[in-house]
Amino acid sequence: MSEIPVEAAGKQDDVRRALALLNAAGARIGNSLDLETTARELLDVAVPQFCDLASVDLYENVLAGDEPRPVGPAPDDEPAGSGAAANGAVGTAAHNGVLPRRRRGPVGSPRGEVRRVAFASAVSDAPYGYGLADDENRPEGAGAPQPYLGQPAEVGSTHCYADHSPYALALRTGRVQNIQGQDGSVPAQFGAVVQSTLAVPMVARDRVLGLAQFSRAKGSEPFGERDGALAAELAARAAVCIDNARLYRREHERALILQRSLLPPGDPEAAGLDIACRYLPGNPATEVGGDWFDVIELPGHRTAIVVGDVMGRGLRSAVAMGELRTAVRTLALTDMEPAEVLGALDEIARGLGDAPNKRHSRRAQRGADTDLSEVYLATCIYAVYDPVSRRCTFANAGHLPPILVEPDEPALLLEVPKGVPLGVGGEPFEEIEVELPDGAMLALYTDGLVESRDHPLDEGLDRFRSALTDAAEPLEDTADRVLRTLNVHHGEDDIALLVARVEGLDEGNVGDWTLPPEPRSVARARELAREQLAAWQLGALGDTAELLVSELVTNALRYGEGNIRLRLMLDRTLVCEVWDAGQVQPRRRRAHDTDEGGRGLQLVDLLSSGWGSRRTPTGKAVWFQMPRPEEGAVTPDPTEALLSLF
């Protein structure tokens with residue numbers, strides 16, 4: 001048997017090592033959708049099996065999720081040096097000792113700003129930064145900047161490449177550059193350690209994302225042509241994974257922006273309630289969820305508070321959350337009871353899945369499997385608080401129960417009947433009414449706050465209750481302490497938290513009278529309103545409020561039934577309600593020039609900041625509200641409004 005030549009055996013060993021390295025790259029690179037992690041995985045494969053030192057630099061716009069420019073020559077209308085030829089090939093201008101004029105854009109050329117996202121070394125005394133360009137320290141009048149080692153390129157730092165350097169050439173052409181220590185491209189300080197470097201552009205889908213550098217120290221075999229091809233293959237595999245992570249990060253951030261835009265900004269205000277809210281999205285490695293909360297002002301200084309969670313993740317869940325939140329606000333303003341609101345919301349949730357369900361039925365006829373992920377399901381708890389009666393009505397659609405903390409009492413879970421989630425259908429929702437004493441604290445939340453893989457639900461609820469110990473503590477401090485106490489950094493799910501302290505309207509801020517259904521009640525209502533406004537030191541609103549009260553009481557006499565109830569409430573605004581036993585809701589119409597009546601509700605609309613009607617257990621209530629006048633402000637003259645109607 002003839003012996004295999006030593007040279008041929010060496011080549012076979014090289015092939016085996018290359019195949020083993022590629023197999024390792026296939027198994028270890030791209031296991032996450034995080035750009036920085038993927039870059040580190042590339043270096044874990046390369047060092048020390050392929051090289052002694054390695055780093056990965058990515059363009060700043062790639063890290064931001066923006067689209068990199070393709071490889072190719074720069075546009076003719078742009079000077080050489082940076083920018084609009086982003087992440088693509090850029091021609092270098094002859095400079096004769098003067099730097100080429102730079103582009104304004106940050107990407108695509110050697111002047112594009114890159115960030116070091118990963119570094120690995122098997123050499124203990126290796127310099128941390130190499131192949132960098134330093135323009136600030138370049139002597140005046142010097143030629144093109146040389147690679148610089150004065151400032152180490154730590155992971156997370158940003159830098160630029162010199163226009164003439166082989167690193168910039170690799171980015172411009174999209175080709176590997178083999179840099180030997182003796183060719184002058186590597187500084188003397190670096191040459192003391194490294195004898196050979198491969199500058200490898202990271203190209204995915206014909207677009208350059210950044211640069212990988214592989215270096216071998218002195219004493220190791222210099223890089224050859226086969227090494228360059230192997231390095232290009234490693235970088236290409238990592239580049240595809242990094243580009244996938246970039247696309248995912250971009251879509252995740254867009255979905256997160258959409259989700260945040262659908263949540264109420266800041267801490268909302270409500271009559272009789274002090275409110276603090278917190279929202280924490282899941283980490284970027286997980287898709288956005290459908291958690292939401294809302295605070296809705298209702299007539300009569302009442303407030304609806306809502307917390308919900310659309311099952312599933314991703315952009316579809318965020319969009320479904322927005323649709324359900326809009327539907328909740330619309331239904332709440334119709335003044336339906338909480339159980340009725342959830343019943344109507346359930347119909348809407350099922351309607352969102354009608355089109356997919358129709359497709360499911362067609363698939364079922366063909367024997368295809370049904371994709372249940374296309375069915376919209378959500379949990380939701382809806383509560384309405386009345387600051388006058390200090391009673392809160394709850395309805396629950398499969399959501400976690402609220403937590404109530406009364407003064408000097410431990411936190412307890414409210415036993416709210418737990419209905420089926422929204423979108424299931426077939427079951428009515430129940431509601432309960434609870435009296436909340438002044439100073440009590442109410443907490444509504446989503447499951448991400450109290451449940452994760454490492455912490456079961458019961459444990460999370462116990463920790464949550466133990467964190468709500470002081471009902472008198474400022475709510476902002478309470479919300480922050482809850483987030484510090486509980487495991488909120490697992491990133492598995494979004495977290496929504498709404499904490500409210502009950503501060504009902506003082507008896508002195510409410511005037512309530514019952515009037516007989518007689519014509520003289522109109523004058524009596526005007527008198528009562530004038531006296532009450534004077535007691536509240538709101539005499540500036542007297543003439544206007546008296547006129548509007550008389551209009552509503554007159555309408556109750558003419559079109560309503562039974563006794564008339566007049567109620568004035570003062571908080572951030574003045575609210576007037578006129579109750580009667582009639583079921584017919586008033587409707588504003590435009591009176592013609594020859595009509596003698598029909599202008600009462602038009603006048604109410606002109607002189608108030610808002611008006612409407614709502615159902616009551618015994619009939620209806622018609623209301624209007626007026627803002628409290630600022631000091632020195634001039635109140636509108638009702639005479640001008642009267643004249644404008646004719």
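Biologist: At what angle do helix α7 and helix α8 cross, and how far apart are the axes?
Modeller: In this predicted model, helix α7 (residues 315-333) and helix α8 (residues 338-352) cross at roughly 145°, and their axes come within 10 Å. Axes here are lines fitted to C-alpha atoms, for helices over the stretch in contact, and angles run from 0 to 180 degrees between N-to-C directions. Helices (H or I, at least four residues) and strands (E, at least two) are DSSP runs, numbered from the N terminus.

Biologist: Is that crossing left-handed or right-handed?
Modeller: The crossing of α7 and α8 is right-handed. A crossing is called left-handed if the near helix is turned anticlockwise from the far one by less than a right angle, and right-handed if clockwise.

Biologist: Which residues make the contact?
Modeller: From α7 they are Glu323, Leu324, Ala327, Val328 and Leu331, and from α8 they are Val341, Ala344, Leu345, Ile348, Ala349 and Leu352. Contact means heavy atoms within 4.5 Å.

Biologist: How do they divide by class?
Modeller: The contact of α7 with α8 has ten nonpolar residues, no polar ones and one charged. In this scheme Ala, Val, Leu, Ile, Met, Phe, Trp, Tyr, Cys and Pro count as nonpolar, Asp, Glu, Lys and Arg as charged, and the others, Gly among them, as polar.

Biologist: What about α13 and α14, at what angle do they pack?
Modeller: Helix α13 (residues 542-559) and helix α14 (residues 600-607) pack at about 150°, with their axes 10 Å apart. In this case the crossing is left-handed. On the α13 side, Thr544, Leu547, Leu548, Glu551, Leu552 and Asn555 take part, and on the α14 side, Gly600, Leu601, Leu603, Val604 and Leu607. By class, the residues of this contact are seven nonpolar, three polar and one charged.

Biologist: Why is α14 described as largely enclosed?
Modeller: Six of the eight residues of α14 are buried, so the helix is largely enclosed by the rest of the structure. Those residues are Gly600, Leu601, Gln602, Leu603, Val604 and Leu607. Buried means under 20% relative accessible area, exposed over 50%, and partly exposed in between (1.4 Å probe, protein chains only).

Biologist: Changing topic, how many salt bridges are there?
Modeller: The count comes to 36 salt bridges, each being a side-chain nitrogen of Lys or Arg within 4 Å of a carboxyl oxygen of Asp or Glu. In one of them, Glu67 pairs with Arg246, the closest N and O atoms being 3.5 Å apart. Glu67 lies in the loop between α3 (60-63) and β2 (114-121) and Arg246 in helix α6 (residues 225-261), so the pair ties together parts that are 179 residues apart in sequence.

Biologist: Are those two partners buried or exposed?
Modeller: Glu67 is partly exposed, with a relative accessible area of 40%, whereas Arg246 is buried at 1%.

Biologist: What about Glu435, which residue does it pair with?
Modeller: Glu435 forms a salt bridge with Arg391, and the closest N and O atoms are 3.2 Å apart. Glu435 belongs to strand β17 (residues 431-435) and Arg391 to strand β13 (residues 391-397), so the pair ties together parts that are 44 residues apart in sequence. Glu435 counts as exposed at 52% relative accessibility, while Arg391 is partly exposed at 28%.

Biologist: And how far apart are the closest N and O atoms of Arg481 and Glu473?
Modeller: They are 2.4 Å apart in that salt bridge. Both Arg481 and Glu473 are buried. Elsewhere, salt bridges that share partners join Glu67, Arg205, Arg207, Asp243, Arg246 and Arg250 into one network.

Biologist: Where is Gln532, and which residues does it touch?
Modeller: Gln532 is in helix α12 (residues 520-535) and is buried, with a relative accessible area of 15%. Leaving aside residues up to four places away in sequence, Gln532 touches Gly511, Trp513 and Leu568.

Biologist: Lastly, how many helices and strands does the protein chain have?
Modeller: The protein chain has 15 helices and 24 strands. Of its 646 residues, 50% count as buried.

Biologist: What conventions apply to the numbering and the values?
Modeller: Residues are numbered from 1 along each chain as its sequence is written, and side-chain values use heavy atoms, with hydrogens and water left out. As the model is predicted, local features need pLDDT of at least 70 and side-chain atom pairs count only at pLDDT 80 or more, while totals for chains, interfaces and linings use all residues.
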